[in-house]
Amino acid sequence: MRNAYAHMTECAAECARVARAAGTPLAPSAPTPCGDWDLRQLVNHWVLYTAYGLEHRALRTPIPDELTARDFTAGPDWAGSYARRLDRAVAAWSDPAVWEGDIDTGHGSSPAREIAGMLTVEAALHGWDVATATGGEFRLSDPAAAYVLEIVEASAALYRKYEGFAAEVPPPPGGSAFGRALALSGRDPRRAAV
């Protein structure tokens, strides 16, 4: 749990940095690396699942329905609000007992460690999407990048089956672990800011 929690914490801090760098207000209809999603749709998904979803999974409570329709980008300090929610979410996972047992996702149960890993990957991949869409970059340490790659490798086929990932992109030669995770998830790590 200790290393996974450290990687979760690092990814959350980088997401908060990327959100602040994205600016306020956002250019809501700006294109993103996520197919048909514009920047507002991408950021709302990112905030919902990587902050609220991460916290609610730790607490073993469902995400309230009202949150699924909320425009998190509408507030004047959406990035600051997101950063504070990320802090709450990461704090909810600080107890080692939270990493034990299963979590009911509403579609079945999965081990808490797997849920935590998948949500950490969600934060990292969509953090890269937001950074790319806003002319920034998403940076991870080598150990955190290796953790993200390990989870993407283990779950890519399942994500692709449910259209959560696009077709794999050939990774650049000698690419980083995070670059390989991006490519495996259907993102082109060579993509310049859109």
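1. The lining of the largest pocket draws at least two residues from each of helix H2 (39-59), strand S2 (109-111), helix H5 (112-133) and helix H6 (142-161), with H5 giving the largest share, 10 residues. Helices (H or I, at least four residues) and strands (E, at least two) are DSSP runs numbered from the N terminus. A pocket is, on a 1 Å grid over the protein atoms alone, an open set of points where a 1.4 Å probe fits, with protein on both sides within 12 Å along at least five of seven lines, and lining residues have an atom within 4 Å of a point.

2. This is a predicted model, in which local features need pLDDT of at least 70 and side-chain atom pairs count only at pLDDT 80 or more, while totals for chains, interfaces and linings use all residues. Residues are numbered from 1 along each chain as its sequence is written, and side-chain values use heavy atoms, with hydrogens and water left out.

3. The 48 residues lining the largest pocket include Met118, Glu122, Tyr159, Tyr162 and Gly164, which lie nearest its centre.

4. The second largest pocket is lined by 17 residues, with Trp128, Phe138, Arg139, Ser176 and Phe178 nearest its centre, and helix H7 (177-184) gives the most to this lining, four residues.

5. The whole structure has zero disulfides, a disulfide being a pair of cysteine sulfur atoms within 2.5 Å. The sulfur of Cys15 is too far for a bond because its closest cysteine sulfur, in Cys11, is 6.5 Å away, and the sulfur of Cys34 is likewise too far, at 13 Å from that of Cys15.
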